[in-house]
Amino acid sequence: MSRERGLRKQRSLRSLRSLRRIDRSALVAASLTALSLTASGCVVVHGEREVLPAATQAEAAKALQQFTTAYNAADKAYDSSLDAGHVTGALSDIDAARLKAGQAGSPEGNPNYSPLELTDVTYTIVEKAGWPRWFIADAAGNKGGSSRWLLVFTRGGLDEPWEVAYLTLVAPGDVPEFKKNEDGHAEAVPVDSTELAAAPGELAEQYTTYLKDGGDSVFAAGSHTSGWRTERQEEAQKPGLATQYIDEPLTEGDYAPLAVRTKDGGALVFFTTRHYEKETAAAGTSVPTPGDDVLALTTGEIKQSLTMEFVSNEVALDPKGPGQVSILGRIQGLTSAKGE
């Protein structure tokens, strides 16, 4: 009996050791599965809820380099397909029309091509929840004199490329300091913020209303506000030619305004507008013949009138509390025209 009990005990011990090996194997398998899921991306941080920086400095620098390379290739060949994946929004509209007009006049490419070179670059990486993520590149360029080039890169998801939505030129002394946290990241300002002179999301509409009506305004006097209105009034007074203007805000999708907090509590705001200019000749006369670049973008026959469509992207300094908004820079381009 004692020998039989001994055999049963040995079998029990072997079974226990076998179960332990199975448990360890299962634990290892579970650990490997979890590791695999994490590595494959199945376990993710929800970017739509987490406050995260848009990019690293290295990623931002790579995006700028890729944009510059594509922009130069498109400019050299007058071919918008070469940088189509690196531009969006207002810049895409302006750039594509410029290249189309250039190709119409010079199918072999740009005879005056000179590559754009951007140096002395500072990156302002915006930290926020949700998409789009975005950052600003502030650079010196070999074109545009001493002006600083402000490029706003955006993307709507991890699987999307970085694209430049806004490009403006600003005087060096006008670029503000940005508020940054201990990690060096900037703060996005909600477009419906009520703590500024004007809500960033309303600037495009307020700007187009001001261009039409003038009067007391949230906008400070300057070349892009009171100066532009004066130019229009002078154009409208030319004898034998009636000039009409229609201005529209663009605020949706890739044209959505973007705002970043400045060190003094205000915001630097990028926004987009569309403008129509219609010239109608007096009876018995004709509209002055436009240049080749305009003709390349014109449909219809120019007889009595010519309607030109422009897209413009602006950058404005929006102060905290009561005050006036200053338009620091504006890049505008003809995108189409129609003759009648």
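The model is a predicted one, so local features are reported only at pLDDT of at least 70 and side-chain atom pairs only at pLDDT 80 or more, while totals for chains, interfaces and linings take in all residues. Numbering runs from 1 along each chain as its sequence is written, and side-chain values use heavy atoms, with hydrogens and water left out.

The chain has 6 helices and 12 strands, taken as DSSP runs (H or I of at least four residues for helices, E of at least two for strands) and numbered from the N terminus. Of its 340 residues, 41% are buried, buried meaning under 20% relative accessible area, exposed over 50% and partly exposed in between (1.4 Å probe, protein chains only). The accessible surface comes to about 18100 Å² by the Shrake-Rupley method with a 1.4 Å probe, and carbon and sulfur atoms own 51% of that surface. Among contacts (heavy atoms within 4.5 Å) with a separation of 6 or more, 67% link residues 24 or more positions apart.

Next comes the largest pocket. A pocket here is an open set of points on a 1 Å grid over the protein atoms alone, where a 1.4 Å probe fits, with protein on both sides within 12 Å along at least five of seven lines; lining residues have an atom within 4 Å of a point. The largest pocket holds about 430 Å³ of space, the volume being that filled by probe spheres set on points joined across faces, edges and corners. Its lining counts 21 residues, with Tyr71, Ile94, Asp95, Arg98 and Ile331 nearest the centre. By type, the lining splits into 12 nonpolar, 4 polar and 5 charged residues.

Helix H4 (residues 203–213) buries Leu203, Ala204, Tyr207, Thr208, Tyr210 and Leu211. These sit on the same side of H4 because they cover an arc of only 155° around the axis, going by the directions from the helix axis to the C-beta atoms. Over on the other side, Glu205, Lys212 and Asp213 are exposed. The cover for the buried residues includes H5 (226–236), S7 (241–250), S9 (267–281), S11 (305–318) and S12.

Finally, Thr124 belongs to strand S2 (residues 118–128). Thr124 is buried, at a relative accessible area of 4%. Leaving aside residues up to four places away in sequence, Thr124 touches Phe135, Ile136, Phe178, Lys180 and Ala186.

Technical notes. Ala, Val, Leu, Ile, Met, Phe, Trp, Tyr, Cys and Pro count as nonpolar, Asp, Glu, Lys and Arg as charged, and the others, Gly among them, as polar.
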